[in-house]
Amino acid sequence: MRRNRLPRSLIVIAAAATSCCGSSPITSARIEQSIEPTFANLVRVQVSWLKMPPMDASEFQVTASCRRQLSGSDAGAGDWVCTLRWQSPDFQTLRDTFDLFVTTDGCYTATAAGESLGGPRLRLSDGTEVRNLLYAFEGCFDTT
Amino acid sequence: MSVRGCVAVVGVEYSKLAAQLKARVALAACVVGPFAFAAAMKAQSSVPEDTLFGRSVKESGFAVPLVVLGFAALWVFPVLASLVGGDVFSAEDRYGTWKTVLTRSRSRSEVFAGKVVTALGFSLLLVSVLALSSVAAGVLLIGSQPLISLSGVLLAPPHALTRVVLAWTTVVLPTCGLTAVAVLLSIATRSSVAGVGLPLIASLLMQLYAFVDGPEVIRQALITSAFGAWHGLLAEPPYYGPLVRGSMVSGVYLAICVLIAYRSLRQRDFAG
């Protein structure tokens, strides 16, 4: 009787691990919900750095659409691509694509895929240089 | 077992530690390391882009302690946790001093409690020193500019400092948990090499698992995942799910390891 106990408990644990947690918590919905406000907040900071009139983050109306690079599964850590639609400070609708690397703990680094948002650094009108916050940025979201 | 007895053991253990070169070297490294890092960041043009807050490290001094925190989770915390925890019991085996220790007026439980308190206390001392030093290095060498959070929000200096301190506080419990693992291995193997080395190897393996996209429930049950729970405190609004889970996991490691270690030491036959 006692000899049977260990294998049986192992089977229960293995079954629980595969049934409840077969799908990764890194989903497009979680990434989109995180990158939308993060990008909007960063645009807001960048606008203030560029000495433009202050705007609220919600005015940029960011909507994200993310998909996983690896075909065959729609969830999991690794390479993702997000397309962000947003309204620029001069009220033009823009589309920008970002390459994301998402780690298993729910943190990501987003890098602009094209040059539409400028290079890694921006030169201000007074000659000083600042980091282009929209060129590459990072964020984290809850995976629990 | 009396509190006075434990305090006496802790006193003896700390005077032994104070005389050890490794304890002094570890303390000095925790003080100097962050300053060297911040000075290097100030001097060179590139930044550690692959670490969270690495990009901001030249813009805000508050990014420095967070980069150090992210980096320390990889192997510094495991080293600090096992440095004394993995040696505090097995050193008696190495020097053959168990019989001397146990024939003094302190009971076996008091010796156990005193040594565990010493190991936990020393780990926490090193983590606190590293935290203070990296905040000081950031603020003194880079400055106290506002910090951009993990949600792109600009945090004012007092707010940023609070978040940094809270983030460092979250690693206290996982460090205690790892120290307890080292204590258990130190008792079980009677070898300081195993006591210090095995927790280090175990935590490196656990972190390797985090790179593999395996079942999430296993990742969350690993104590090293708790070292990253602070990310939620730097988001807007903050989220606490990983922190709650990580603290529970660390508490379980701590309790189970201390319990098994205690039973193992109680049942050990020193007479032979």
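Where does B:Phe53 lie? The residue is found in the loop between helix H2 (21-43) and helix H3 (63-85) of chain B, where helices (H or I, at least four residues) and strands (E, at least two) are DSSP runs, numbered from the N terminus. The model is predicted, so local features need pLDDT of at least 70 and side-chain atom pairs count only at pLDDT 80 or more, while totals for chains, interfaces and linings use all residues. Residues are numbered from 1 along each chain as its sequence is written, and chains are lettered from A and ligands numbered from 1 in the order in which they are written.

Phi of B:Phe53 is near 70°, a positive value in a residue other than glycine. With 26 C-beta neighbours inside 10 Å, B:Phe53 counts as buried (20 or more other C-beta atoms within 10 Å of its own; 12 or fewer is exposed, in between is partly exposed, and C-beta atoms are placed from the backbone). A:Lys51, in the loop between H2 and E1 of chain A, also has a positive phi, near 60°, but is exposed, with 9 other C-beta atoms within 10 Å. Most residues other than glycine have a negative phi, and most peptide bonds are trans. A cis bond joins B:Glu236 and B:Pro237, with omega about -5°.

Turning to chain A, an open sheet of 5 strands has the order E1-E2-E3-E4-E7, with antiparallel pairing (two strands pair if DSSP finds at least two bridges between them). Strands E1 (63-68) and E7 (136-140) of chain A stand at the edges with a single partner strand each, so one side of each lacks a neighbour in the sheet. Strand E4 (residues 107-112) of chain A is joined to E7(A) by 5 bridges, and A:Thr109 has A:Glu138 in E7(A) as its bridge partner.

In chain B, helix H8 (residues 172-189) and helix H9 (residues 192-211) pack at about 140°, with their axes 8 Å apart (axes are lines fitted to C-alpha atoms, for helices over the stretch in contact, and angles run from 0 to 180 degrees between N-to-C directions). That makes H8(B) oblique to H9(B) (angles under 35 degrees are roughly parallel, over 145 roughly antiparallel, 65 to 115 roughly perpendicular, and the rest oblique).

Between the chains, 26 residues of chain A are in contact with 25 residues of chain B (C-beta atoms, placed from the backbone, within 7 Å). The largest share of the side of chain A that touches chain B, 6 residues, comes from H2(A).

Key. Contact = placed C-beta atoms within 7 Å.
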